Amino acid sequence: MPSVKVSRNYHVPFLFKPKVIPGSIEDPIKLLKKAADTKNLRLGKTVHAHLIISSETSKFLDIFHANSLINLYAKCDRITTARHLFECMPKRNVVSWTALMAGYLHKGLALEVLALFKTMVYVDNLCPNEFVFATVLSSCSGSGRVEEGKQCHGYVLKSGLLSYQYVKNALVHMYSSCSEVEAAMWVLNTVPGDDILSYNSVVNGLLEHGHVKEAMDILDMMIGQCKAWDNVTYITIFGVCAHLKDLRLGLQVHSQMLKTDIDCDVFLSSAMIDMYGKCGKVLNALKVFDGLQTRNIVSWTAIMAAYFQNGYFEEALGLLSQMEFEDILPNEYTFAVLLNSCAGLSALRHGDLLHASVEKSGFKDHAIVGNALVNMYSKCGNIQAANDVFLDMTSRDAVTWNAMISGFSHHGLGKEALNVFQDMLEAGERPNNITFVGVLSACAHLGLVQEGFYYLNQLMKQIGIEPGLEHHTCIVGLLSRAGQLDQAEKYMRTMPVKWDIVAWRSLLNACHVHKSYGLGKRVAEVVVQMDPNDVGTYTLLSNMYAKAKRWDGVVQIRKLMREKNIKKEPGVSWVEIRNNTHIFVSDDNIHPESSQIHEKVGELLAKIKLLGYVPDIAAVLHDVEDEQKEDYLSYHSEKLAIAYALMKTPTEAPIRVIKNLRICDDCHAAVKLISKITGDNDESFNKVDYQRRNLHLMGHSRIRLHGSHTEHAVQRFMLC
C-alpha cells in the first residue's frame, strides 16, 4: 500500500474566519456608494477604517472620500457622524453641502437644511447647483415655509436652473404643499417641459388642502395630454374618487389601470380598497384585499377602515386577530379605526383591551389615537375615562378639543363642555364649525338661550365661521329645551335656511315633552310631507294623542302606519356579562332565566317603593286600566337587563346597560333608586355615571347588531 507523506508545515483551518480586509482597495468610492445605496453601515465603516489607516501621512481625508462618507452616514441614519466629518473638512465643495442637506432632509430636519443653505451661499460663497435647489425646496415643502420657498424660487430664476425637470418638480411640489395653488399652476403651465411627477405633485397638494375641483381640472389636463400614468398617479386619482365618493369615476380608473401593464403593488391596492370603502362598496374592497399576494399594515388598515365607514364595526374588529396571525402589528392609524369601531358598538370592554394594547405598543402619545380614545370612552358612556385620556394627552389638535366638548355635551354636562371650550380658546386653538355644534348643544342642556345666540351671531362671525344648518338646528333645540316653542317655530319660519327633517323632528319632540299638542300636530304635518315614511314622526304623534287621552287619534295613526307598512322599532336593552351579550325586550319571557329575572325585578321594585318610588303610569301610552299600566312599566327591557346583571355580577362590578331607544321617565326614576339600594350610599345621584354601583344607561338612535348575537336577536324580535 503506498505511503502518504504529510507535510509538517500544514495550516490548521480556523473555525471562525477572521474578517478579511483587503490590503489595498482599488476604488473605495464605489464601495462606499454601494454601502450607502444598500444601507450597509458595517461595510461602510470597514472602508472608512481602511481610508484612515491608508492616509496616515495626511491628517485629513481626500475631499472625494469625505463626500462619499458623508453620503454613507447620512443615508444610514447617522447624521451626527456625517456632520462631524463635514465640520472636519478643510475644504468643501457643492457635493459636500448637498450630501449633508439630503441627510437632514431625510431625517425631517427642514430648518437644518435651510440653515446649511444660507451658510453655503453667504459664508462659503458657493453657487448652488440644481441638486441643492431641489433639496432646499423639498425642505420648504415639508415644513410649510412658503416664504423661504419663494426666495429660493427667485434664486433659481437668477441662476438659470429652472430648466432642470427635478427643480421644476420641486417647485411645483413646494407650492402645492403650501396651498399656493395659483403659483403651482403658474410654474406648471409656464416653465417648459413636464412629466408625470409634476402632475402628481399638483394633484396631491390640491387634495391635501381640499381643492377638489382644481384637482379634477388637472386630471382632465392629464387625460387631454395623454400622459402615461404611473403608480403614484393612480394612487392619487383613486384618492380623488374617494374624496368625491364618485364610484363611477373610480370604476373607470380601475378599468383603465387593468388595461395597462402597471404593477399593482400593495400601496396601489390599498388606495383602491380605500376608494371602494368610501364609496360604500365593501365587497369590492374585500375582493381587492383578498387578491393581494402580500399584505402590509397599510392594506390591513384600509380594509378595516372600509368596514368601519360602512357600519360593519364587528367585522372591522374581527380583522385584528387575523392581521396579528400574519405577524403584522397595528400602527397608530389601525388603533384609531379599531377604537372608533368600538365606539360604534358601545363595546367598552373591547375598547379597554385596545387601550391597554395602545399603552404597551407606545402609541398613546399620537394625537390620532388619543382622539379615538376620547371618542370611544365618550360614546361608551364612560365620560370620566374620556376626560382622563384628554388631560393626559401631550399634544392636542382641534379634533381633540371637539371630541371632549361633544362628549360632555352628549352626556348632558353642559357646564363642563363650556369650560373645555374656554380652555381651548386660551390654548390658542382655533375653533371650527364642529366645535360650535358641541358648544351650542351644551347651551341647550343648560338652557342658556342668550349665550347660545351670542356664540351663533357674534363669536362665530368674529372667528370667521359661517353658521350652517347644523348650528341653526342646535338653536332650534336650544329654544325647544327652554320651552320657547313658539319662538323656535318662528325662528324656523323666518330664517332663510333650508331646514331638513332633523330640525323639524327636534321641534316635534319638544312639543311632545312640553305637551304642546296643537303645535305638535302642525309640525308633524310638515315632517310627514318631507318624509311620508318617517316612523319617528308617527310614533311621536301617536304618543301625543295618547297623553292627551285622544285614543281615537292613536287608533287613526296606528291604522295609517299599518296601511303604509311602517313598523316601530322595538325597544331593546342589552348587557355584556363574561363575554356574552344578553338581549332583552319589554316583558321578556324568552330568556332561559326569565322567571328568576321577573322575580328579581319585583324584589327591586318593592324595595324602591319604600324609598318613595311611584310608578309613572302616564308613561304608558295604552288605553288600559291603571293596574295593567303599572304591570307594563315593571318589565321594561332596561329593568330586566339591570335585574339580570345584578343577579350575575359581583357586588362591586360596574353594570352598563345599552339601549337602542331613549329611556322612559319611569325607568330613569327607578334606576336612580335601584342604584341607591344596591350600594350607592351618596345622597346625590350622578345621572351620567351612576357611580359606585355604576348603572350606565346609554341611549343610541341607531345600533347595528352583528356577529354571534345577531340571529338570536332577530329571532327574539320576531317572537315578541
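Predicted model: local features only at pLDDT ≥ 70, side-chain atom pairs only at ≥ 80, totals over all residues.
Helix H18 itself spans residues 313-325, and its buried residues are Phe 313, Ala 316, Leu 317, Leu 319, Leu 320 and Met 323. These residues cover an arc of only 145° around the axis, which places them on the same side of H18. The spacing within such a set can be read against helical geometry: an α-helix has 3.6 residues a turn, so residues three or four places apart point the same way. The partners against which the buried residues of H18 pack are helix H17 (297-309), helix H19 (332-345) and helix H20 (348-361).

In one of them, helix H7 (residues 130-143) and helix H8 (residues 146-159), the axes come within 9 Å and cross at roughly 160°. Because angles over 145 degrees count as roughly antiparallel, H7 and H8 are therefore roughly antiparallel to each other, and H7 passes H8 in a left-handed crossing. On the side of H7 the contact is formed by Phe 133, Val 136, Leu 137 and Cys 140, whereas H8 contributes Glu 148, Gly 149, Cys 152, Tyr 155, Val 156 and Ser 159.

The contact involves Ile 501, Trp 504, Arg 505, Leu 507, Leu 508 and Cys 511 of H29, together with Leu 519, Gly 520, Val 523, Ala 524, Val 526, Val 527 and Met 530 of H30. The residues of the contact of H29 with H30 divide into eleven nonpolar, one polar and one charged.

Helix H29 also contains His 512. With a relative accessible area of 12%, His 512 is classed as buried, since the cut-off for that class is under 20%. When residues up to four places away in sequence are not counted, His 512 touches Leu 540, Asn 543, Met 544 and Lys 547.

Methods
Residues numbered from 1 in each chain as written. Heavy atoms only, no water. Contact = heavy atoms within 4.5 Å. Helix = DSSP H or I, 4+ residues; strand = E, 2+ residues; numbered from the N terminus. Nonpolar A, V, L, I, M, F, W, Y, C, P; charged D, E, K, R; others polar. Axes fitted to C-alpha atoms, helices over the stretch in contact; angles between N-to-C directions. Parallel < 35°, antiparallel > 145°, perpendicular 65-115°, else oblique. Left-handed = near helix turned anticlockwise from the far one by under 90°. Buried < 20%, exposed > 50% of the residue type's maximum accessible area, 1.4 Å probe, protein only. Arc of directions from axis to C-beta.
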